[in-house]
Amino acid sequence: MDRNGKIAIEQVADGFGMSKGQLAQTAGLARETLYRSERSATVKTQGRLREMLEIISRVTDWAGGKEQAMAWYRAQPLPAFGGRTAEALVKEGKASAVRDYLDHMAVGGFA
């Protein structure tokens, strides 16, 4: 977070070894969105990034680290969602469904 309570986009992108454009695509945003400060600070952009980061944060420990959590987010098919990935679901605006799924799994539920 920066001093204004916004997600520090450059730090997040650097932390995952991505460009801002790659980070935007991963969050389901237009590539140029994170290069323009007025667009990167909007409620929609910040919300989408928060959803993505919250999900990655939830799986970081059991995935083995943030890089592995990002790999899971982008590539692991989720059986409960017809094989779609967490990334695809967040892009569709279904981050809450992914959070519910992770909560279900955390208490011993089955996929």
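**Exercise 1. Is Gln46 buried or exposed, judging by its relative accessible area?**

*Solution.* Keep in mind as you work that this is a predicted model.

Step 1. Find the residue: Gln46 sits in helix H4.

Step 2. Compare its value with the cut-off. Buried means under 20% relative accessible area. Gln46 has a relative accessible area of 4%, so it is buried.

Step 3. Look at its surroundings. Setting aside residues up to four places away in sequence, Gln46 touches Lys6, Ile7, Ile9, Ser40 and Ala41. One of these deserves a distance check: Lys6 is 40 residues from Gln46 in sequence, and their C-alpha atoms are 7.0 Å apart in space.

**Exercise 2. Describe the setting of Thr85, a residue in the loop between H5 and H6.**

*Solution.* Step 1. Check accessibility. Thr85 is at 14% relative accessibility, so it counts as buried.

Step 1. List its contacts. With neighbours within four places in sequence left aside, Thr85 is in contact with Tyr73, Arg74, Ala75, Gln76, Pro77 and Leu78.

Step 2. A polar atom of the Thr85 side chain lies 3.0 Å from the backbone nitrogen of Ala88.

**Exercise 3. Work out which parts of the chain build the largest nonpolar core.**

*Solution.* Step 1. Begin with the members. The largest nonpolar core has 29 residues, and those that touch the most other members are Leu23, Leu49, Ile55, Trp72 and Tyr73.

Step 1. Assign the helices. At least two residues of this core come from each of H1, H2 (20-27), H4 (43-63), H5 (66-75), H6 (86-91) and H7 (95-106). H4 gives the most, with 5 residues.

Step 2. Leu49 is in contact with Ile7, Ile9, Leu23, Ala27, Leu29 and Leu34, once its neighbours within four places in sequence are left aside.

**Exercise 4. Characterise the largest pocket by its volume and its lining.**

*Solution.* Step 1. Take the volume, which is about 190 Å³.

Step 1. Turn to the lining. It has 16 residues, and the closest to the pocket centre are Asp2, Ile7, Ile9, Ser37 and Ser40.

Step 2. Sort the lining by class: 6 residues are nonpolar, 5 are polar and 5 are charged.

Step 3. Trace the helices involved. H1 (9-15) and H3 (37-40) each supply at least two lining residues, and H1 gives the most, with 3.

Step 4. Link back to the earlier exercises. Ile7 and Ile9, among the residues closest to the pocket centre, are also contacts of Leu49 and of Gln46.

Definitions and conventions: Residues are numbered from 1 along each chain as its sequence is written. This is a predicted model: local features need pLDDT of at least 70, side-chain atom pairs count only at pLDDT 80 or more; totals for chains, interfaces and linings use all residues. Side-chain values use heavy atoms; hydrogens and water are left out. On a 1 Å grid over the protein atoms alone, a cavity is a set of points where a 1.4 Å probe fits but cannot get out, and a pocket is an open set with protein on both sides within 12 Å along at least five of seven lines; lining residues have an atom within 4 Å of a point. Grid points are joined across faces, edges and corners, and a volume is the space filled by probe spheres set on the points. Helices (H or I, at least four residues) and strands (E, at least two) are DSSP runs, numbered from the N terminus. Ala, Val, Leu, Ile, Met, Phe, Trp, Tyr, Cys and Pro count as nonpolar, Asp, Glu, Lys and Arg as charged, and the others, Gly among them, as polar. A nonpolar core is a set of buried Ala, Val, Leu, Ile, Met, Phe, Trp, Tyr and Cys residues joined through side-chain atoms within 4.5 Å. Buried means under 20% relative accessible area, exposed over 50%, partly exposed in between (1.4 Å probe, protein chains only). Contact means heavy atoms within 4.5 Å. A polar contact is a pair of N or O atoms within 3.5 Å; within protein, one must be able to donate a hydrogen and the other to accept it, and residues adjacent in sequence count only if both atoms are side-chain atoms.
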